[in-house]
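Student: Can we go through this one together? I have the sequence and the model open.

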Amino acid sequence: MGTLSIQDIQPLDIDGSPIIIAGPCSAETEQQTLDAALALSAIGVKVFRAGIWKPRTMPGGFEGVGDKGLEWLQLVKRETGMLTATEVATVEHVNAALAAGIDILWIGARTSANPFAMQDIANAVHGHDEITVLVKNPVNPDLELWIGAIQRILNAGVTRVGAVHRGFSAAGEHLYRNEPQWHIPFDLRRMAPGMTILCDPSHIGGRRELVEPLSQQALDMGFDGLMIETHCDPDQALSDSAQQITPEELKSIKDRLVIRSGTPVEDELALLRQQIDDCDHELLAVLARRMKVSREIGQFKKTHNLRVMQPQRYQNVLKNRLAEGERLALDPDFVKRVMQAIHEESVRQQLD
Ligand code: PEP
Ligand code: MN
């Protein structure tokens with residue numbers, strides 16, 4: 001049997017349309033894990049997630065409970081009959097999770113960005129055709145890297161493979177914790193039409209009030225399901241507290257979600273509009289960052305007794321921006337108008 005390519009991947013046979021995977025960001029205690037699972041099972045969720053090895057940006061924080069969390073996931077399976085899912089990032093994680101009979105392994109965004117780690121994981125799951133692997137997009141917006149990560153798992157003979165869109169990190173302050181850049185999962189969908197692609201609104205939004213609108217948006221755009229972080233007491237959660245919702249909140253969201261059967265034409269238009277929205281979010285975030293720097297410059301000029309208006313500097317900036325605009329095929333009059341508006345606001349900020 002030859003190796004599967006991403007265009008041949010078949011949908012996962014996980015219950016639910018949409019598929020809902022829910023559970024805490026992290027398993028913290030046996031009780032917290034079981035409470036979440038019981039509450040989720042009672043509202044019809046069939047797949048339970050909990051991270052036990054947590055990739056944290058800074059050392060010293062809560063890094064997960066480790067191997068003992070596997071026993072809690074086994075308990076969840078026994079008590080509720082739910083499928084269990086956890087994140088793996090190393091060969092040791094994979095071996096321990098496979099030995100514990102975990103049903104679904106997911107690869108986190110920091111790991112799918114690293115081909116060496118992906119290859120190690122692929123080698124560790126080699127031949128385990130009973131396992132389901134979900135590959136989250138890499139932290140950076142690189143479709144090839146995402147596809148490469150998926151292909152490594154396929155090359156290992158694992159056929160139950162799906163993808164999870166969790167947004168892409170960007171510098172500066174943004175509306176979202178991770179920019180959705182919906183065109184990237186959409187391109188993945190075009191290349192792998194049969195593959196199950198889920199959306200993780202929790203890590204995209206980073207805030208609980210964004211979970212519902214992002215979930216609806218994802219369903220409108222044809223995602224096959226959602227992975228949503230759920231905790232019985234989100235404010236006390238040891239990781240990702242701001243974005244977790246309670247099982248009750250998940251139930252209300254589930255009840256309100258509208259499943260639309262969009263035509264391809266509508267989907268195409270929705271995607272284009274979505275890209276406009278993404279661009280506008282980026283524009284606003286960049287403008288906010290620029291004005292912040294302007295205010296710092298204003299402060300600096302005040303401290304050093306410099307004039308706010310320095311016409312020669314502005315003329316140079318404008319000249320450079322017009323040349324840059326031309327390379328990007330932007331209309332010079334338009335570039336001039338935009339730059340003037342930004343400059344005026346910048347000066348106003350500096351005079352404040
Ligand atoms: C998670 O699912 O808890 C997680 C760490 O996700 P990501 O890899 O998307 O950051
Ligand atoms: Mn999390």
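Predicted model: local features only at pLDDT ≥ 70, side-chain atom pairs only at ≥ 80, totals over all residues.

Tutor: What follows covers the overall build, the ligand site, the core and a few single residues.

Student: How many helices and strands does the protein have?
Tutor: The protein has 13 helices and 8 strands. These are DSSP runs numbered from the N terminus: helices are H or I with at least four residues, strands are E with at least two.

Student: And what does the C-alpha trace span?
Tutor: About 70 × 45 × 40 Å along the principal axes.

Student: What share of the residues is buried?
Tutor: Of the 352 residues in the protein, 47% are buried. Buried means under 20% relative accessible area, exposed means over 50%, and partly exposed is in between, with a 1.4 Å probe and protein chains only.

Student: Now the ligand. Which residues are around ligand 1?
Tutor: The shell consists of Cys-25, Arg-49, Lys-54, Glu-87, Trp-106, Gly-108, Ala-109, Arg-110, Lys-136, Arg-166, His-203 and Glu-229. To count, a residue needs a heavy atom within 4 Å of the ligand.

Student: How does that shell divide by residue type?
Tutor: Into 3 nonpolar, 2 polar and 7 charged residues. Here Ala, Val, Leu, Ile, Met, Phe, Trp, Tyr, Cys and Pro count as nonpolar, Asp, Glu, Lys and Arg as charged, and the others, Gly among them, as polar.

Student: How far is Arg-166 from the ligand oxygen?
Tutor: A polar side-chain atom of Arg-166 is 2.6 Å from an oxygen atom of ligand 1. The side chain of Lys-54 has an N or O atom 2.8 Å from a ligand oxygen, and for the side chain of Lys-136 the distance is also 2.8 Å. The protein buries 97% of the 290 Å² that ligand 1 exposes when taken alone.

Student: Switching to the core. Which residues touch the most other members of the largest one?
Tutor: Phe-48, Leu-105, Ile-150, Ile-153, Trp-182 and Leu-188, in a core of 75 residues. A nonpolar core is a set of buried Ala, Val, Leu, Ile, Met, Phe, Trp, Tyr and Cys residues joined through side-chain atoms within 4.5 Å. Helix H6, residues 143-155, gives the most to this core, with 7 residues. Another core of 12 residues lies apart from it, with Leu-12, Ile-14, Val-164 and Met-227 among its members.

Student: Where does Thr-132 sit, and is it buried or exposed?
Tutor: Thr-132 is in strand E5, residues 132-136. It counts as buried because its relative accessible area is 9%. Beyond four places in sequence, Thr-132 is in contact (heavy atoms within 4.5 Å) with Leu-12, Asp-103, Ile-104, Leu-105 and Arg-160.

Student: Where is Asn-305 found?
Tutor: In the loop between helix H11 (264-303) and helix H12 (311-327). Asn-305 counts as exposed because its relative accessibility is 73%.

Student: Last one. What does the side chain of Gln-349 pair with?
Tutor: Gln-349 lies in helix H13. Its side chain makes a polar contact of 2.8 Å with the side chain of Arg-295 and another of 2.8 Å with that of Glu-345. A polar contact is a pair of N or O atoms within 3.5 Å; within protein, one must be able to donate a hydrogen and the other to accept it, and residues adjacent in sequence count only if both atoms are side-chain atoms. Gln-349 counts as buried, at 13% relative accessibility.

Terms used
Residues numbered from 1 in each chain as written. Chains lettered and ligands numbered in written order. Heavy atoms only, no water. Areas by Shrake-Rupley, 256 points an atom, 1.4 Å probe, with all protein chains shown as cover.
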